[in-house]
Amino acid sequence: LGGNLTEKAVMRHEVQYRAASTNSAFTPLRKNVFRNPAIPTPSKMALASSLMWIRLFFNSAIWAALAGGVFRSLEHTYLKIIRHITHMHQIPLHKT
């Protein structure tokens, strides 16, 4: 999993990489697994934890503080997956 270092220790590149990696794990499973009403939500959450959250949050406890836009990018990726698991993906997110 590793990490991406930048000259100025900016976390934006790391979060973008993590979001892309998480999305690449999520996309092939979105229709057949995460939108499938026959699969119980707890099973979907366990799968998300083992396949997606590890990519998105691995070693995040040691990251520097995230600027607002960088945090929102991380939050957007997380919430997008949660919304598919809970079948709320058709309700638009409001920007603040």
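Before selecting anything, colour this predicted model by confidence: the chain averages a pLDDT of 85, and 82% of the residues score at least 70. Among the elements of the chain, α3 has the highest mean pLDDT, at 93, while α4 has the lowest, at 91.

**Stop one: helix α3**

Select residues 41-57, which make up helix α3, and look along the helix from end to end. A straight helix of 17 residues would span 24 Å, yet the end C-alpha atoms of α3 are only 21 Å apart. Where in α3 is the kink centred? Go to Ser 49, where you will find a kink of about 45°. Just after the helix, select Asn 59, which takes a positive phi of about 60°.

**Stop two: the buried residues of α3**

Now show the side chains of Lys 44, Ala 48, Met 52, Trp 53 and Leu 56, which are buried in α3. If you then display α1 (12-26), α2 (30-34) and α4 (68-85), you will see elements that are included in what covers these buried residues. Setting aside residues up to four places away in sequence, Leu 51 touches Ala 25 and Leu 29.

**Stop three: the nonpolar core**

Next, turn to the largest nonpolar core, which has 16 residues, and pick out Phe 34, Ala 48, Met 52, Trp 53 and Ile 81, the members that touch the most others. The elements α1, α2, α3 and α4 each give two or more residues to this core, and the largest share, five residues, comes from α4. Centre the view on Met 52, whose contacts, not counting residues up to four places away in sequence, are Thr 22, Ala 25, Phe 26, Phe 34, Leu 47 and Ile 81.

**Stop four: the aromatic rings**

How many aromatic pairs does a search of the whole structure find? There are four. Select Phe 26 and Phe 34 to see one of them: the ring centres are 5.4 Å apart and the planes lie at 35°, so the pair is tilted. Phe 26 has 0% relative accessibility and counts as buried, and Phe 34, also at 0%, counts as buried too. Trp 53 and Phe 57 form another tilted pair, with 6.3 Å from centre to centre and 55° between the planes. Both lie in α3, four residues apart, which is about one turn of the helix. Trp 53 is buried, with a relative accessible area of 12%, whereas Phe 57, at 30%, is partly exposed.

How values were computed
Residues are numbered from 1 along each chain as its sequence is written. This is a predicted model: local features need pLDDT of at least 70, side-chain atom pairs count only at pLDDT 80 or more; totals for chains, interfaces and linings use all residues. Side-chain values use heavy atoms; hydrogens and water are left out. The expected span of a helix is 1.5 Å times one less than its number of residues. The bend at a residue is the angle between axes fitted to the seven residues ending there and the seven starting there. Buried means under 20% relative accessible area, exposed over 50%, partly exposed in between (1.4 Å probe, protein chains only). Contact means heavy atoms within 4.5 Å. pLDDT is the predictor's confidence in each residue, from 0 to 100. A nonpolar core is a set of buried Ala, Val, Leu, Ile, Met, Phe, Trp, Tyr and Cys residues joined through side-chain atoms within 4.5 Å. Rings of Phe, Tyr and Trp (its six-membered ring) pair if their centres lie within 6.5 Å; planes under 30 degrees apart count as stacked, over 60 as edge-to-face and the rest as tilted.
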